[in-house]
Amino acid sequence: MSSTPRKRPAPDALVAGGVVVILIALVAAVFLSGLGSSLYPPEAATKQAGEIRGLYDIVFAVAVAIFVVVEGLIIWSVLRYRRKPGDDGLPAQTHGNNLVEVIWTLVPTAIVLFLFVISWQTLNSVDTVSAKPDIRIHAIAGQFAWQFEYLDANGNKVASQLTPVYDTDTGAGGMAVPVGRSVQVTLDSPDVIHAFYVPRFLFKRDVVPGQTNRFEFTVDEKEAGQVFRGQCAELCGAGHRSMLFNVIALSAADYDAWLQALIAKSNATPAPPTGDVVLNLTAKDIAYDTKALEVPADTPFTIAFQNQDPAGVPHDVDIRDASGAVLANQEPINGGTSANYSYQGLPAGTYTFICSIHPVPNMTGTLTVK
Amino acid sequence: MTADSHALTTSEHAPVAELAHDSRGGIGTPILGMLLFIASEVMFFAGLFAAYFSTRAANKPWPPTEFSEILNPFSIILVATAILVASSFTCQFAVWAIRRNDRRGFLRNISVTFILGVVFLLLQAYDYSLLFDEGLTMGSGPFGTTYYTLTGFHGAHVFGGVIMLGVVLYRGMSGQFSARHHDAVEAASLYWHFVDVVWILLFSLLYFL
Amino acid sequence: MATHALSPVAAPAARGWLYGWLTTTDHKKIGIMYVVNSFIFFLIGGILALVVRTELAQPGLQFLTDEHVYNEMFTMHASIMIFLFVIPMLAGLGNYVVPLQIGAPDMAFPRINALSLWMLPLAGVLLVSSFFVGGAPAAGWTSYPPLSLDGPLRSPGAGQDLWIVSLILIGTSSILGAINFLVTIFKMRAPGMTLFRMPIMVWTVLVTSVLVLMATPVITSALVMLFIDRNYGGHFFDPVGGGSAVLYQNVFWFYSHPAVYVMILPAMGVISEVLPVFSRKPLFGYKAFIFATAGIGALGFSVWAHHMFTTGAVFLPFFSLLTFMIAVPTGVKMFNWVFTMFRGQLTFSTPLIFALGFLTMFLIGGINGAFSASVPVDFALHDTYWVVAHLHYVLFGGSVFGVFAGIYYWFPKMTGRMLGEGLGKIQFVIMFVGFNLTFFPMHMLGIQGMPRRIADYAGDAGWNDWNLAATIGGFLIAVSLLPFIWNVFVSLRSGKVAGDDPWEANTLEWATSSPPPPYNFDHLPEIRSERPLFDARHGRAEH
């Protein structure tokens with residue numbers, strides 16, 4: 001029937017206590033070395049992010065307090081109430097204690113109600129959208145790139161930004177916004193669910209096809225000149241990891257200049273073909289109409305490119321060499337538009353032409369240069 | 001171990017405790033099992049109904065204009081409904097019959113229930129063919145999808161019920177049921193009533209509301 | 001019709017040992033097979049996790065240059081772990097233990113029990129076969145449409161359909177199991193075992209079974225609708241055709257949130273068995289614990305949309321409030337466990353050590369979940385590695401540590417042999433350290449901005465070191481399984497003989513031999529409390 005209880009509790013308790021102490025030492029080391037700062041969000045860049053950060057700090061403090069209390073009780077029990085040799089009688093067979101049980105039901109209820117109320121207040125503040133924001137941007141998330149349409153006060157498009165990622169060398173690309181002004185973003189997708197996420201805004205919102213979500217933010221004045229990372233945060237397929245974008249905070253004057261330049265570029269007539277060598281290429285249903293192109297060596301050439309996919313599905317035609325290095329990086333064009341892409345002459349060899357947004361499976365082919 | 005006279009023992013040659021009949025009173029084990037199974041089926045239809053209501057609320061007009069008259073309650077489907085409702089009555093008569101050990105009455109009523117169930121399925125299939133000819137398919141927008149999904153899964157459950165009734169009929173004909181032992185009949189009839197109630201809800205929702 | 005006298009003594013093994021196991025309806029053998037089958041899928045799911053972690057150890061695509069394959073890896077890892085490991089593993093432990101703990105000779109429907117079991121390897125083979133028929137599903141275990149629908153750049157091919165069919169089979173197995181558990185618990189308790197004298201393990205299985213019964217059919221409906229959209233031109237979820245992508249999320253999470261309680265409650269039951277035995281005290285607040293469990297079950301049905309806070313389609317305050325409220329009964333349980341140990345006499349056998357690991361890890365998992373209950377904070381944390389940290393702290397730190405506590409605790413009953421204590425402790429230390437090294441850094445990664453489900457990350461985002469640490473931790477977890485597997489094989493062969501009650505325990509399964517006879521009990525002690533064996537040993541006065 002029952003076997004005699006083990007009479008070696010002390011070394012086992014030391015193992016248990018030792019592991020716990022090691023863990024606590026690790027955690028302490030993390031915090032003391034400064035790595036613990038990464039348990040906090042990155043510095044808030046918008047007014048709304050600042051409020052969320054304040055809320056996070058309160059929740060974090062409550063969390064640490066609860067952890068210390070409960071884990072402390074666990075560790076205390078492990079160290080203090082080990083069965084020692086000579087402990088043959090039973091400990092007091094306490095079944096419960098009504099007072100204590102009521103307290104540890106009511107106090108946590110009060111704590112969570114407090115957390116709910118402050119969360120709700122912060123939510124009402126950060127989630128409001130105004131009837132007349134200063135800036136309106138319509139963000140379109142498609143597989144696998146972002147586009148940003150800048151709208152006027154009546155909601156009409158004035159400019160399109162088809163290069164979502166900021167290039168530090170050229171200064172081109174990204175979604176520029178002025179600091180200190182309210183920016184309202186509406187979100188749309190022609191294909192699957194995506195999510196607009198900027199870590200320094202402490203914020204994300206899903207982009208749901210068939211539903212237009214909207215949110216508003218105001219970048220803090222002191223962030224003028226900063227470039228913020230953003231990326232898609234809802235699995236959208238085999239290009240999800242590359243759906244990056246940047247938000248660029250500019251002073252009001254710089255923003256006006258930036259927007260004017262973008263308007264001019266959006267309204268510019270497409271460049272005519274250069275030189276005599278003109279190839280035709282069409283993109284439809286996320287595929288090129290041919291997988292093989294040929295040009296003579298050392299001759300500049302043009303690809304007359306038509307994007308016959310719906311608006312919201314951009315494509316481009318980049319050239320890469322055999323090792324995958326990008327030799328020609330063209331700007332994407334939106335669905336329903338065309339462009340004449342110019343390329344410099346290439347030495348003889350085999351290259352790949354490829355859509356940078358939808359590289360596989362059907363938007364890549366071989367460019368033979370002889 | 002205490003040699004307590006209250007301890008429960010099994011002797012060497014007694015069979016494992018009987019499971020089919022609860023001698024301590026209360027609901028029979030197979031009946032409880034069937035009720036729980038029906039609860040799970042209710043939740044399955046709840047998911048489909050939730051999708052229906054949500055889809056309907058988001059798509060106006062409903063029915064869409066090209067299908068505004070296609071679901072006419074005063075057609076063959078009304079006959080099918082009447083048949084299914086009648087079959088619930090005959091099913092209950094069968095249960096009452098076997099409870100009073102009226103084997104003949106039980107067999108008569110269960111056969112009629114079985115046949116009525118088959119007729120319902122045939123009428124449903126015929127109605128589908130008529131609707132198909134009029135242009136309503138699974139792909140006819142959310143309207144078509146929800147119609148065929150809801151009625152189709154209901155039909156599948158009727159089919160399952162018909163099989164259950166068939167098994168009960170077969171076992172009944174080989175004399176396996178009596179007033180004291182007829183759990184399968186009770187269980188099958190509970191399922192059959194459930195299938196009927198779902199149809200009444202479906203019919204009202206799809207054809208009238 | 002001829003009748004034959006039944007005999008409890010099995011006929012001599014004329015057809016062989018394997019045939020006996022394959023055709024058995026004995027809940028004990030079925031329970032063991034559930035555990036073994038689930039463990040095999042744990043290993044498969046674990047290998048997929050190692051593939052993911054190996055790719056993420058450094059920025060850049062190292063060997064999974066096709067991002068689609070990476071997406072298949074994490075989709076299958078999660079799907080296998082949830083549906084083929086955690087849920088059936090706990091069902092298997094319950095299958096073994098519940099009839100014994102209530103003094104019953106078997107489950108109410110033994111043949112349906114066997115059917116529930118055998119559906120699982122079939123469903124598992126179907127799911128894994130997707131790798132070989134054109135690609136596994138790659139839309140995440142959540143499979144949100146439109147990505148999970150048919151079409152280019154979505155999920156064409158049989159993989160997603162095999163996933164749907166496999167999950168429907170597993171769901172059916174679960175539902176049949178739930179019906180079995182509920183009827184068994186309500187109808188087959190030994191005399192004297194009132195509902196409020198049942199072991200907590202049985203109570204948690206009861207509430208879990210109610211959740212399975214009522215929630216699983218709803219995901220079946222979602223899967224069925226997805227299948228219709230994919231294969232029959234349906235328009236439930238595709239916005240282009242008039243459907244709604246968010247509708248799927250609502251129906252899906254209506255099941256999948258209660259499912260997380262399905263995955264944790266029986267593990268909590270295990271902890272509630274182990275702590276009293278190894279503290280030599282009763283569970284503190286037995287009745288409150290039961291009400292807290294029932295409360296979690298009920299509240300669990302009302303919070304599903306907290307997985308959808310960022311969709312812009314949810315009534316936020318309602319779901320946030322109820323999500324916060326679930327912390328209260330969970331906290332009650334936590335305190336009940338701690339105060340069971342408080343002023344007890346603790347013996348640090350391996351089951352208790354795993355239970356202690358559970359307590360700390362589940363505490364962290366519960367706390368970091370509370371962050372996500374706060375909607376504005378969730379706007380920052382949703383779909384980042386913070387959520388990956390949370391779910392693994394509760395599902396691994398909680399459920400898996402609970403499973404191992406249960407295995408070390410009941411292995412002697414199942415096999416008649418003790419598992420080695422030394423190897424058990426070695427497993428615990430390596431697993432505990434490895435687990436925390438893997439998943440604690442994910443809090444940092446998440447709050448610093450690393451999204452989930454990305455095959456690669458920017459090398460200049462500051463995420464490199466934490467990712468490398470997490471990968472090392474992952475391999476440590478794998479290493480920790482080696483002493484465990486070795487322990488099982490060695491102990492089966494030459495472990496210490498267990499006897500009826502090696503732990504000096506409280507509940508009825510220890511009142512019979514190890515392993516028990518086919519019909520479970522020759523005699524049952526008098527049942528006058530939730531600790532009948534304790535009463536038999538110490539007398540009622542000491543209770």
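1. Chains A and B do not touch, and their nearest C-alpha atoms are 9 Å apart. Please keep in mind that this is a predicted model, in which local features need pLDDT of at least 70, side-chain atom pairs count only at pLDDT 80 or more, and totals for chains, interfaces and linings use all residues. Residues are numbered from 1 along each chain as its sequence is written, while chains are lettered from A and ligands numbered from 1 in the order in which they are written.

2. Now to chains B and C: 40 residues of chain C are in contact with 38 residues of chain B. On the side of chain C, the elements that give two or more residues are α5 (158–187), α6 and α7 (245–279). Helices here are DSSP runs (H or I, at least four residues), numbered from the N terminus. The largest share, nine residues, comes from α6(C). By class, this side of chain C has 27 nonpolar, ten polar and three charged residues (Ala, Val, Leu, Ile, Met, Phe, Trp, Tyr, Cys and Pro count as nonpolar, Asp, Glu, Lys and Arg as charged, and the others, Gly among them, as polar).

3. Helix α6(C) (residues 200–231) also packs within its own chain: its axis and that of α8(C) (residues 286–299) come within 10 Å and cross at roughly 15 degrees. Axes are lines fitted to C-alpha atoms, for helices over the stretch in contact, and angles run from 0 to 180 degrees between N-to-C directions. The two helices are therefore roughly parallel (under 35 degrees; over 145 counts as roughly antiparallel). Their crossing is right-handed, that is, the near helix is turned clockwise from the far one by less than a right angle, anticlockwise being left-handed. Trp203(C) and Val207(C) of α6(C) are among the contact residues, as are Phe289(C) and Ile290(C) of α8(C). This contact divides into eight nonpolar, three polar and no charged residues.

Methods: Angles under 35 degrees count as roughly parallel, over 145 as roughly antiparallel, 65 to 115 as roughly perpendicular and the rest as oblique. Two residues are in contact if their C-beta atoms, placed from the backbone, lie within 7 Å.
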